[in-house]
Amino acid sequence: MTMLKQMAAAAVFTLVAAGVSRANDLKLWYTQPAQKWEEALPIGSGRLGAMVFGGAPEERIQFNEDTLWTGKPHDYVRAGAGDQLDAIRKLVFDHKEKDAEKLGKEKFLSDPVRQKAYQPFGDLHLKFAGVGEPRDYRRELDLSTAVASVTYRVGDVTFKREAFASYPDNAIVVRVSADKPAGVSFTVAMTSPHKTATTKPLDKNTLAMSGQVLDPTAKDEPGMKFQSRLRAVATGGSVATSGDSIKIEKADSVTLLLVAATDFVNFQDISGDPAKRCEEDLSKIEGKSYDDLRAAHVADYQKLFNRVALDLGANERADQPTDQRLKQLRSAANPSASTAKNAPVPSALGSSGLDSDPAFAALFFQFGRYLLIASSRAGDQPANLQGVWNEKLDPPWESKYTTNINLEMNYWPAEVTNLSDCTPPLFDLIDDLRVSGARTAQKQYHARGWVLHHNTDNWRGTAPINNIDGIWPTGGAWLCYHLWEHYLFTGDRDFLAKRGYPAMKEASQFFLDSLVKDPSTGFLVTCPSFSPEQGGMCAGPAMDMQLIRALFDATTESANILRTDADFAAQIAETRKQLAPDKIGQHGQLQEWQEDVDQPNNNHRHMSPLFGLYPGAQFTPMNEKLFDAAKVLLKWRGDGSTGWSYSWRIPLWARVHDSDMAYRQLSLQLGKRTLPNCFDLCGPFQIDGNFGAAAGIAEMLLQSHVRPSDDKSLFQVEVLPALPKAWPKGSVTGLCARGGFDVDVTWDAGKLTKITLHSKLGNPCTLRYGDKTILAKIQAGKTYTFDGELRPLPS
């Protein structure tokens, strides 16, 4: 979209419609401070993240830096693991799974068995003198600017704080002000949960906190070194350091500048100098005014965020505090313990659920996009299980990168919601894994290429970890699917040649060398493996075979596009014919395993055998038998349980055009698995469900995965494929479709009224709405508009 169009799309949220204020459409807001971490509001620059609590007499701002982990560079492959491979395979094929599992646990898992943990960095503690009971308190996160703020009155003075994490200036910035001259007095201390950390003054207005991470799983072995620096710049009044704190007295306003760094250079090198990095970061912003820092931050953020606008309508609920809106959604989703698991959505939904608050679905969608911008920017680390936010020394699942669903889900919204710029950290991770994964492939499987199992960490571990469920060798194949999707959305041939194809080729080499023939069928399968995350050790689970087919197809098509490696592409194509096919079982279901042992109505949280339905594109109405079998299995899985399992079901049901079930999963995720600050809840906080829901909502409004002919450049762009009845009127602008299209859609009374297609690449597409389909031939750089009957409108 043009800049003017982006601004117009974003401006829709400031309008007044049907007598309802739209001022809060892009705001999370509350009338009280956060009492616990899960109520605080997140800000982030990709590398830096912080949680703002918003306390009046005392404020806590907990912060993170994305390279601070336990451990240090390490090769996780257990010595001699590769010597056990043949024995494990024989036991699996001889149906001695328990013996295979025992041997696998003892001699095939990584060393150590668990990977390392993402760490908190520190906290800022602000204490305000003489603050009594505040009045007119408001705490908010404005998604339109990525600024968190707190305002309140004490006596006749209004106090205001703003906080943001700046990507262009590599700092967290906090502004404290009052509407009365000399009204700002407080002390600020910088602390860390790491017991080695010490804080000291560097000058009259700057503190430095230094320390080293100790690894509790390795007898407190010293690991990464870190430093943060805090500088206070006051207008009026006085500033002085004292011990581990800074004291500000009678200032008009104060700007706090926080920078943080570690010794991380890359996953094999921690020789960096965190003190030097902090000094450089502070020096770069020396002399910049708060207004300039804020303006640079907002401009950088909005060039990404403003690309997409979603309006689903609003009513008076949209003007209530966020926690009150969530409370009503919870009430609707949890009417009684006696409600059957798969009963229809309770009728209370109409009065207190998502039906009565459509604007919340749009807010949640945009919050997902906000979180991706805040936790994944070029040059930084990818978003982990908690994005970039973590306060625990021992976070759940180490807050690492789980690659049998969670890391991939983090990036599902990137391409379709116009945030392709947020994908470089994921692709950088893949480049690292090609190195560490090549070691694992050679040592553990005697194979070329690279392999990744179901987790990785800051040190790019690729060997199987934890338990037998970690012996799953197709994590790399799934990550490669993101490389291919990036090309399909962007048409970036240079990216494909330099990054996408080399990684896919090497991943394909691994499977060419490691696939084995199933003696009972003659087909090629993975072995040993595991269907995430149920059953036992097995050979060739459905998800593996779907992932490898997707990898082989993407690799051969890439070779053809780039006109390279014809012999290699032919070898892959021939091997693909020998892969174990997807099977339809005795109940008409898509089988999860090679054996027909699926249990009807097994509503496991993982949807592993349905990769080919979403995010893959193997099961479409063009492949009717497998598409119908996938629907049987999807129905068996029922509702979600964890937040991310609800969010995976949203796009799955959207892919089969069941708007009611897609919408149900979104409603239940919001009502059952969403924290007060809108973070997703797995058991504890886990961010993947936020991203999955954003992608799922997009999939309800736009799909482009179907290729309706042998013309590889032709995609089907389908609008409103799963529009729920609860969203009868609305619009979305700026979504992206494969083939290089930006798509705007408007609807009313549940019916399409207008589509606008902007072509970036000049590819044709089949445009579909309901049972109507047309072939649209669009020139690169041109924009075309169609009415609800898919008739062209004058430009």
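Asn418 sits in the loop between α10 (412–416) and α11 (424–445), and in this predicted model its backbone has a positive phi of about 65 degrees although Asn418 is not a glycine. With a relative accessible area of 11%, Asn418 is buried, because the cut-off for that label is under 20%. From this loop, the tour below moves on to other backbone features, a pocket, the aromatic rings and a sheet.

**Backbone features worth a look**

- Most residues other than glycine have a negative phi, and most peptide bonds are trans.
- Arg460 is another non-glycine residue with a positive phi, here about 60 degrees.
- You will find Arg460 in the loop between β19 (455–456) and α12, where Arg460 is buried with a relative accessible area of 3%.
- A cis peptide bond runs from Cys527 to Pro528, with omega near 0 degrees; Pro528 belongs to the loop between β21 (524–525) and β22 (529–531).
- The peptide bond from Tyr614 to Pro615 is cis as well, with omega near 10 degrees, and Pro615 lies in the loop between α15 and α16.

- Pro609 is in the loop between α15 (566–576) and α16 (624–637).
- Its relative accessibility is 1%, so Pro609 counts as buried.
- Leaving aside residues up to four places away in sequence, Pro609 touches Ala542, Met543, Gln546, Leu590, Gln591, Glu592, Phe619, Leu633 and Arg637.
- Ser271 is 338 residues away from Pro609 along the chain, and 43 Å separates their C-alpha atoms.

**The largest pocket**

- The largest pocket holds about 900 Å³ of space.
- It is lined by 31 residues, and those closest to its centre are Asp553, Arg576, Ala617, Gln618 and Lys712.
- Two or more lining residues come from each of the elements α12 (475–490) and α14 (542–562).
- Helix α14 gives the largest share of the lining, with 7 residues.
- Sorted by class, the lining of the largest pocket is made up of 12 nonpolar, 8 polar and 11 charged residues.

**Aromatic rings**

- The structure contains 28 aromatic pairs.
- One of them joins Tyr301 and Tyr370 edge-to-face, at 6.0 Å centre to centre and with 70 degrees between the planes.
- Tyr301 is in helix α5 (residues 290–305) and Tyr370 in helix α8 (residues 358–375), so this pair ties together parts that are 69 residues apart in sequence.
- Both tyrosines, Tyr301 and Tyr370, are buried.
- Phe367 and Phe679 form a tilted pair, 6.5 Å centre to centre with 35 degrees between the planes.
- This second pair links distant parts of the chain, 312 residues apart: Phe367 is in helix α8, and Phe679 is in the loop between α18 (659–672) and α19 (688–701).
- Phe367 is buried, with a relative accessible area of 0%, and Phe679 also counts as buried at 0% relative accessibility.

**An open sheet**

- Six strands make an open sheet in the order β17-β26-β27-β28-β31-β32, and their pairing is antiparallel.
- At the edges are β17 (309–311) and β32 (792–793), each of which pairs on one side only.
- Strand β31 (residues 783–787) runs antiparallel to β32, and 2 bridges join them.
- Thr785 has Leu793 in β32 as its bridge partner.

Notes: Residues are numbered from 1 along each chain as its sequence is written. This is a predicted model: local features need pLDDT of at least 70, side-chain atom pairs count only at pLDDT 80 or more; totals for chains, interfaces and linings use all residues. Side-chain values use heavy atoms; hydrogens and water are left out. Two strands pair if DSSP finds at least two bridges between them. Helices (H or I, at least four residues) and strands (E, at least two) are DSSP runs, numbered from the N terminus. On a 1 Å grid over the protein atoms alone, a cavity is a set of points where a 1.4 Å probe fits but cannot get out, and a pocket is an open set with protein on both sides within 12 Å along at least five of seven lines; lining residues have an atom within 4 Å of a point. Grid points are joined across faces, edges and corners, and a volume is the space filled by probe spheres set on the points. Ala, Val, Leu, Ile, Met, Phe, Trp, Tyr, Cys and Pro count as nonpolar, Asp, Glu, Lys and Arg as charged, and the others, Gly among them, as polar. Buried means under 20% relative accessible area, exposed over 50%, partly exposed in between (1.4 Å probe, protein chains only). Contact means heavy atoms within 4.5 Å. Rings of Phe, Tyr and Trp (its six-membered ring) pair if their centres lie within 6.5 Å; planes under 30 degrees apart count as stacked, over 60 as edge-to-face and the rest as tilted.
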